[in-house]
Amino acid sequence: MPLAKLPRAAVRSFATSSARLGSLSATAQSRAEKISQDKTQTYIDVCDPATQTVLTKVLETTSSEFEQAVEAAGQAFKTWSRTSVLTRQRFVTDLQHQLRQNNEAIANSIVLEQGKTYADAQGDLLRGLQVVETACNIPTALLGDTSEVSKDMDTYVRRLPLGVCASIAPFNFPAMIPLWTIPVALATGNTLVLKPSERDPGAAMMIAELCQRAGLPAGVLNVVHGTVPTVNAICDHPSIKAVSFVGGDRAGKHIYERGRATGKRVQANLGAKNHAVLMPDANKNHALNSILGAAFGAAGQRCMAISVAVLVGNAQSWLPELVERAQKLKVIKALSKGQTCIGPVISPAAKQPEEEGGMIVLDGRGYDVPGYPDGNWVGPTIIEAITTMRCYREEIFGPVLIVIRADTLDDALAIVNENKYGNGTAIFTQSGATARKYEREVEVGQVGINVPIPVPLPMFSWSGNKASFLGDVPFYGRGGIDFYTQNKTTTALWKAEDAIGNKASVDMPTHH
Ligand code: NAD
């Protein structure tokens, strides 16, 4: 699959990932170098969060390149949308194969640019791969309804693509989140303009290259790069019909409003404050380990990370043990498969959380990792707080667990329901009745019962709610198919008496 036909915006930034994907990228690299000589570029440094080494420079997409990318997507839509659903199924099937074949390269890119441990980076890719695998079921997913509504009259529904769509991704899942949209948007017959996070675009660039290897025609997927100007160009472009966004509240609200103002469909997954309610009858060992893993894994930079532990009744006496176990978690740069530990946070700025109230019972600031003096290291941090404090109310997005005390299950429910966010929550208990009451009454979209990170697999849809979501139709699963399609409902009358004769005539035609 030659790279030559890709729009410039997509080709230019292959330099970000070229060293790691083998032969095809060598061609891309030379094209990227040639193009970069063409005119002055704006660059964004991508830094290794463990060392501050500049790994690569992202070339910010210019407005004319952006136009080119959207134009290419518009042209490609004319043919891609008319391909048979089996052609598109073959593409996603081949893409899942390519992703499996290249999983180590992608995971290594995530370790380097994002700072995740190797095992966690593999998980990042795997959760995206599961969306690709589910999209292999696209022929069945696109089946429409049909009914014989009157004599000789049928009504049938076809699910048709929207056109050129766009996807804007955050830094924290550089493979999974692009893969929430790429397979679903493309399998339903749309074309896509993808803007990865400017902080770690390598994995998305590799995925784009693997789409080519899986036979995706030029122009169907286009990668653009940059920050606010590129995002605004997406929101404003009249040819873009829908925008999928995952990221923080500020950008999300802006994109939702600006995108809606130009009549686009917008789905926006935003920030979170996810509570784990720890009941005194819980399996203590399982609950404490689950909470620690979910609070500090990926350095707390998961949108479904547990960021608040609500200790109910006698479970409050487990706080010293929670702290003791947290102290034992290692923070290092973990490049090999077997290491279970925590990596750095994404940037030096993220390393310096502001004073936000509360009593720090475990302080991870000033954490040193031998051999990496410049890394963005923050050790596990536990802060005891009350619900009026800023550290409780606002998302911190780092390895910080806020602990809140509650007397009863009802008190815990009131606390969680008063919080503005509704992404995820978990309850740890051995009582089915307690779990059921919590699950039924909690106003949060994704609930775990003895499960710390209840991210739905892609046969379901993402269902974060309240301030964690803007829009009407969620990501992937049935929601993803709905988001990326519009129905055409046709009613047709074909009278039986108009049917052409149902037996051959051997008589001389007389036209009577
Ligand atoms: P971010 O909002 O800073 O960036 C996300 C995207 O928006 C990036 O592509 C970025 O270039 C762009 N962007 C940033 N600021 C912008 C602005 N002012 N205007 C327009 N575009 C802008 O988010 P991040 O720091 O990359 O990711 C972390 C955030 O994402 C956290 O808040 C986390 O909770 C959230 N998140 C949510 C989910 C979810 O499913 N709810 C999943 C992952 C991450």
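**Exercise 1. Classify Asn 450 by its accessibility and say where Asn 450 sits.**

Asn 450 counts as partly exposed because its relative accessibility is 24% (buried is under 20% relative accessible area, exposed over 50%, partly exposed in between, with a 1.4 Å probe and protein chains only). Last, check the backbone: phi is positive, about 60°, although Asn 450 is not a glycine.

A word on the model: it's predicted, so local features need pLDDT of at least 70 and side-chain atom pairs count only at pLDDT 80 or more, while totals for chains, interfaces and linings use all residues. Residues are numbered from 1 along each chain as its sequence is written, and side-chain values use heavy atoms, leaving out hydrogens and water.

**Exercise 2. Is Tyr 476 buried or exposed?**

Start with the number: at 3% relative accessibility, Tyr 476 counts as buried. Then look at the backbone, where Tyr 476 has a positive phi of about 40° despite not being a glycine.

**Exercise 3. Which side chain of opposite charge is nearest to Lys 264?**

It's Asp 236, 6.6 Å away. Lys 264 is buried and has no salt bridge (a side-chain nitrogen of Lys or Arg within 4 Å of a carboxyl oxygen of Asp or Glu; Lys and Arg count as positive, Asp and Glu as negative, with His and chain ends not counted).
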